Amino acid sequence: MENNFDVIIIGGGPGGVSAALYAARGGLSVAIVHNGASALHKAEKIENYYGSGALDGAELYERGLQQAESVGVNIIADQATFAEYDGSGFTVTTVGGVYTSRRLVIATGASRLRANIDGIDKFEGKGVSYCAVCDAFFYRKKRVGVLGAGEFAKHEYEAVARVAAEATLFTQGVPAVFVPDKLETRKIARIYGDERLGGAELEDGTRIPLDGLFIAVGVMSGSSLCKSMGVITEKNGAIKTDARGMTNINGLYAVGDCTVGIKQVGKAVSDGVTVGMSLLSDLKKTET
């Protein structure tokens, strides 16, 4: 495989793949560098994306990569560890190699911060979720918990409380920034269940039955790769872009969950389309 491309996209989710599809179909050489670690893999079911019906997130992720590959996009399954800009182009270093490009797109997503609670891994996608806007619908008239104490937890709790029969905020002993209808400040020691989540067990042994638990302890930015290049971000690390999807660094674009705005598949795809078209206009301009 060659090591030099018109465009390198770091991240293989909906935003990155959408940008790749438009750029590659427009005649640019494109590579996607991804390690498969996408928030989509933790989505048990997606029903709110146009034309997809009901499918799990991992399936949607793999379909996207296959579609990109079918139009000539180079798929590099590797972990990007560093990116730099020399004023005219970009160099991306991965565990397995070094690649260069004229333009770079950051599509790394925004990994939800994990909670250090026994059982979280077992029940991800089986009652444990990281996005109330995405999944609260599936817990209508059920018993649901939200884990967190800050503004992100407030947002998630409000989305859950609108549809759940009972919603409880678990703060793990941390003072909450708001007072919900039902508050539990004692710490969850572990979560339990069989094939799906059954509930939360507190440190004193009390068991609270739950059908779902939304983790809302914060959002970890996916912008760390480009901070060394002086990219402007929000306080929470979300990357700022202009109407074209470009950052403050010429030729460096960003799409999807790592940027400012809502964290949804539809928004990421829209970002990708915008950036794909911008890349075509940008690079064609430099060739004339």
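Reader: Buried means under 20% relative accessible area here. By that cut-off, are Lys267 and Asp271 buried or exposed?

Author: Both Lys267 and Asp271 are buried. Bear in mind that this is a predicted model.

Reader: What do the side chains of Lys267 and Asp271 do with each other?

Author: They meet in a salt bridge, with N and O 2.8 Å apart. The two residues sit four places apart in helix α6, which means that about one helical turn separates them.

Reader: How many salt bridges does the structure hold?

Author: The count is 12. Some share partners: Glu184, Arg186 and Asp204 are joined into one network that way.

Reader: Where is Glu184?

Author: Glu184 belongs to strand β10, residues 183-184. Its relative accessible area is 11%, so Glu184 counts as buried.

Reader: What is Glu184 in contact with, beyond its neighbours within four places in sequence?

Author: Thr168, Leu169, Phe170, Thr171, Leu202 and Ile208. Phe170 also stands opposite Glu184 in the strand pairing.

Reader: Which sheet does β10 belong to, and in what order do the strands run?

Author: An open sheet of five strands, ordered β7-β14-β8-β9-β10, with parallel pairing. β7 and β10 are the edge strands, each pairing on one side only. The partner of β10 is β9 (residues 166-170), through two bridges.

Reader: Back to β14. Which strands does it pair with, and over how many bridges?

Author: β14 is joined to β7 (residues 128-129) by two bridges and to β8 (residues 143-147) by four. Leu213 of β14 is the bridge partner of Val128 and also of Gly145.

Reader: Are the faces of β14 covered or open?

Author: Both faces are covered. Gly212 and Phe214 are buried on one side, and Leu213 and Ile215 are buried on the other.

Reader: Which helix lies across β8, β9 and β14?

Author: Helix α5, residues 151-161, which runs at about 165° to β9.

Reader: Charges again. What does Arg143 pair with?

Author: Asp211, in a salt bridge whose closest N and O atoms are 3.5 Å apart. Arg143 is in β8 and Asp211 is in the loop between β13 and β14, so the pair ties together parts 68 residues apart in sequence.

Reader: How accessible are Arg143 and Asp211?

Author: Arg143 is partly exposed at 36% relative accessible area. Asp211, at 24%, is partly exposed too. Another salt bridge joins Asp242 and Arg244 at 2.7 Å, N to O. Asp242 has a relative accessible area of 32% and is partly exposed, and Arg244 is partly exposed at 43%.

Reader: New topic. How many residues are in the largest nonpolar core?

Author: It has 31 residues, and those with the most contacts inside it are Val7, Ile9, Leu28, Val30, Ile32, Val105 and Leu279. Two or more residues come from each of β1, α1, β2, α2 and α6. A second, separate core holds 22 residues, among them Ile10, Ala31, Ala83 and Cys258.

Reader: What does Val7 touch, not counting residues up to four places away in sequence?

Author: Leu28, Ser29, Val30, Ala31, Ser101, Arg103, Val105, Leu279 and Leu283.

Technical notes:
Residues numbered from 1 in each chain as written. Predicted model: local features only at pLDDT ≥ 70, side-chain atom pairs only at ≥ 80, totals over all residues. Heavy atoms only, no water. Buried < 20%, exposed > 50% of the residue type's maximum accessible area, 1.4 Å probe, protein only. Pairing = 2+ DSSP bridges. Contact = heavy atoms within 4.5 Å. Axes fitted to C-alpha atoms, helices over the stretch in contact; angles between N-to-C directions. Core = buried A, V, L, I, M, F, W, Y, C linked by side-chain atoms within 4.5 Å. Salt bridge = Lys/Arg side-chain N within 4 Å of Asp/Glu carboxyl O.
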